[in-house]
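This report describes a single protein chain and then turns to one site within it.

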Amino acid sequence: MKNFFKKNKIFLLTLLVLILWASYVAIYFYINKVNNRIGIISEDPIYIFFSLISSSFWIFQLIFPIFVIVPATWNFNKKMNSGFIKNYVMRMKYKNCLKSFYKEALKAAFIVPIFFLFLLFLCCILAGGFKFGSSIDLYNVFSTNLYDYASQWKEFTFVYFFNLIMYGIFYVNLSLICCRKKANLAISIVLSFIVYFSLEIFINLFCGLVFSRLLDIHYTVYLFSLTGAIVYERVKLEYTVIYSICLVIISSFILYLTYKNEEKVLIEYEKQN
């Protein structure tokens with residue numbers, strides 16, 4: 001048990017911070033509910049869930065990749081830069097070694113889904129039950145299409161958490177690609193976040209200019225936006241699944257190419273250290 005906590009301390013610490021954050025928000029919401037400070041009181045967990053995301057967790061839509069990038073980068077960077085990689089390569093094949101490191105890094109992809117599952121559980125407690133969809137007429141406050149999504153809330157919930165995992169894997173891949181470029185842990189994390197924001201800006205500009213103005217295809221920015229994994233807007237669920245899977249496939253291929261050359265990777269890490 002001690003080794004488990006030691007091995008996964010960054011993963012568990014990140015998850016603990018998010019759980020404490022969610023608990024604080026839920027308690028604050030409950031106090032306001034008891035004191036009748038909330039305009040609309042709903043018994044629908046999904047309504048409360050998106051209400052909290054749109055208010056107390058609005059900043060989370062922008063920064064949530066950092067809760068994946070930091071734990072994913074931490075152990076991977078440590079092993080690649082402390083000389084462990086050389087010791088591992090002496091005992092097993094280079095590819096098997098990287099697969100082992102990658103599997104460990106992938107744990108970070110489940111942090112946000114676990115956090116949101118916990119938040120949804122708290123919303124069920126605040127709602128006093130599991131009456132999903134009971135306030136469906138109020139859903140469009142948060143998203144134009146949320147009314148349509150909630151009418152099939154089982155499929156929506158599955159797709160929502162599936163996409164969160166896919167986006168998590170994408171951010172893990174992104175962080176490990178940046179690890180290859182810079183050996184320093186802090187620089188790798190900052191670089192990953194810069195690349196994330198750069199991609200978000202590029203996608204918004206590209207979709208806004210090419211699709212909306214030139215091709216007259218509207219609302220594509222809502223589908224391609226990297227922050228769209230938290231609150232869906234004007235997109236079909238099947239398209240979000242296809243897009244998230246494409247992100248994973250493309251980033252996984254780039255990651256493979258980044259670490260493909262064993263000799264080059266080992267020499268460059270040795271030079272940086």
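## Overall fold

Which pattern does the protein chain follow, read along the sequence? The pattern is α-α-α-α-α-α-α-α-α-α-α-α-α-α, with 14 helices and 0 strands in total. Helices (H or I, at least four residues) and strands (E, at least two) are DSSP runs, numbered from the N terminus.

The model is predicted: local features need pLDDT of at least 70 and side-chain atom pairs count only at pLDDT 80 or more, while totals for chains, interfaces and linings use all residues. Residues are numbered from 1 along each chain as its sequence is written, and side-chain values use heavy atoms, with hydrogens and water left out.

## Burial and contacts

Of the 273 residues in the protein chain, 45% are buried (under 20% relative accessible area; exposed is over 50%, partly exposed in between; 1.4 Å probe, protein chains only). The chain exposes about 14700 Å², 67% of it supplied by carbon and sulfur atoms; areas come from the Shrake-Rupley method with a 1.4 Å probe.

Among contacts (heavy atoms within 4.5 Å) with a separation of 6 or more, 79% join residues 24 or more positions apart.

T258 belongs to helix α13 (residues 237-258) and is buried, with a relative accessible area of 14%. Leaving aside residues up to four places away in sequence, T258 touches I177, R180 and V265. A polar atom of the T258 side chain lies 2.6 Å from the backbone oxygen of I254.

I254 is also found in helix α13. Its relative accessibility is 40%, so I254 counts as partly exposed.

Technical notes: Polar contact = N/O pair within 3.5 Å; in protein donor to acceptor, adjacent residues only side chain to side chain.
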